[in-house]
Amino acid sequence: MRDVSIIGVGVHPFGRHLTKSILDLGRVAVLAAIADAGVDPRSIGCAYVGNSLAGLLTGQEGIRGQVILHDSGIYDIPVINVENACASGSTAVRGAYLEVAAGTCDVALALGVEKMFVGDTKRTLAALAADSELTLSSSGMQFSAMYAIHPKYNLRGRMDEYGWTREDFAAVAVKNHRHGSLNPSAHRRRELTLEQVLAAPVVAEPLTAPMCSPISDGAAAAIVCATEVLPDAARPGAVTIRACELRSGHFFTSDDRDYKPLANFSSHVFETAGLGPHDLEVAEVHDAMAPVELLIYEQLGLCGPGEGPRLVAGGETLLGGARPVNPSGGLTARGHPVGATGLAQIAEIVWQLRGQAGARQVDPQPRVGLAHNQGGMLASGDSAAYMMTVLTR
């Protein structure tokens, strides 16, 4: 297997883009990534296109990637459509990475794109619910409620077990909205105080609206290339993929309810990358609901059980701290266009490692970054898909 680098990334800003189609969103991200990489589009040997909800929301099935890329002027190559819930975009990166690593082509494109504003919020919420196993989605329970009471997350239970408070949860949202205010591609670009987060409408106790990721439109793309054939012009901005791993959710039994799938998976990913949690200098994590970021900290090995609020309160995961998490604003503030989210996380890490993140740049410029995202929900109590990508410069 060959070494692989990301040489270009591009993003269509996340938000409420009522006059734009999924083709418009994808085209902006693809052309931006190609321009950033400085490659001839004709050198792209294959493309993976991640999308989760277009079949339900736009009616376009089967050939979404071919349609979107044809509109962007890319055709006559293998195009593989990827549908993997919230991990669709990052799974597309994995596909492009493996093609190049295996030698089927030297340059590949990955795109993640989602159009969620279609003039009917009920349809959008129903489509989102369909990313969980039918026994869950048929109950009418939305993801916010699942995060609040589901045994895997059980935010209310964590308040009893660890002594966590609503203020601890709100502090994560405050951090991520502060970061999002510095990101020109973020959906929510307004700082919030702790009092504002706590006073906002309750979505599912203990979650208020600013603690929950918004419905968003958006797209993100990446160009990957075999490191051994990097164009000279691309070398200064090339970022190495040290690990790009995918895993499905765990089937829980009565004997292993304490099994922690993300902790187990992250150990495998760090071993693959030849690194450890202590090596991370910046991370993007899947904070679909802001308080879940606290659980992700401990599952990634950034702190011990129940210690997440200490990291936030001490500023360690804030810009200017020892290990900033979600400098883009995360899903909570940057937004969550499902099929684009994982790839946007990877784009953010690329910019951070290059020193190109502008007002939200981590200082000193990091050398090791991680993007973690997951998606869907199984009735067994686990996410359906986990993706983690480790990048270095």
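In the predicted model, Asn326 is located in the loop that runs between helix H13 (308-313) and helix H14 (330-334). The phi angle of Asn326 is near 60°, a positive value in a residue other than glycine. With a relative accessibility of 0%, Asn326 counts as buried, because buried means under 20% relative accessible area.

A positive phi is also found at Ala85, about 50°, although Ala85 is not a glycine. Ala85 belongs to the loop between strand S3 (79-82) and H4. Its relative accessibility is 10%, so Ala85 counts as buried.

Helix H4 (residues 88-102) has 15 residues, which at 1.5 Å a residue should span 21 Å; the end C-alpha atoms of H4 are 21 Å apart, in agreement with that expectation. H4 is mostly covered, with 12 of its 15 residues buried. Among the buried residues of H4 are Ser88, Gly89, Ser90 and Thr91 toward one end of the list, together with Tyr97, Glu99, Val100 and Ala101. After H4 comes Gly103, which has a positive phi near 90°.

Two cis peptide bonds are described here. The bond from Glu205 to Pro206 is cis, with omega near 10°, and Pro206 lies in the loop between strand S5 (202-204) and strand S6 (207-208). Asp363 and Pro364 are likewise joined by a cis peptide bond, with omega about 5°. Pro364 is placed in the loop between helix H15 (338-354) and strand S10 (368-377).

Leu194 lies in helix H10 (residues 194-199) and is partly exposed, its relative accessible area being 29%. Beyond its neighbours within four places in sequence, Leu194 is in contact with Glu167, Ala170, Ala171 and Val174. Leu194 and Lys175 are 19 residues apart in sequence, and their C-alpha atoms are 9.5 Å apart in space.

The protein as a whole contains 15 helices and 11 strands. Its radius of gyration is 19 Å, close to the 21 Å given by the globule rule for 393 residues, so the protein is as compact as a globular protein of that length. The C-alpha trace spans about 55 × 45 × 45 Å along its principal axes. Of the 393 residues, 60% are buried. Of the contacts between residues at least 6 apart in sequence, 75% join residues at least 24 apart. The protein exposes about 14,600 Å², of which carbon and sulfur atoms supply 52%. There are 31 positive and 40 negative side chains, and the centres of the two sets are 4 Å apart.

Notes:
Residues are numbered from 1 along each chain as its sequence is written. This is a predicted model: local features need pLDDT of at least 70, side-chain atom pairs count only at pLDDT 80 or more; totals for chains, interfaces and linings use all residues. Side-chain values use heavy atoms; hydrogens and water are left out. Helices (H or I, at least four residues) and strands (E, at least two) are DSSP runs, numbered from the N terminus. Buried means under 20% relative accessible area, exposed over 50%, partly exposed in between (1.4 Å probe, protein chains only). Contact means heavy atoms within 4.5 Å. The expected span of a helix is 1.5 Å times one less than its number of residues. The radius of gyration is taken over C-alpha atoms; the globule rule is 2.2 Å times the number of residues to the power 0.38. Accessible areas come from the Shrake-Rupley method with a 1.4 Å probe; for residues, only the protein chains shown count as cover. Lys and Arg count as positive and Asp and Glu as negative; His and the chain ends are not counted. The place of a charge is taken as NZ of Lys, CZ of Arg, CG of Asp or CD of Glu.
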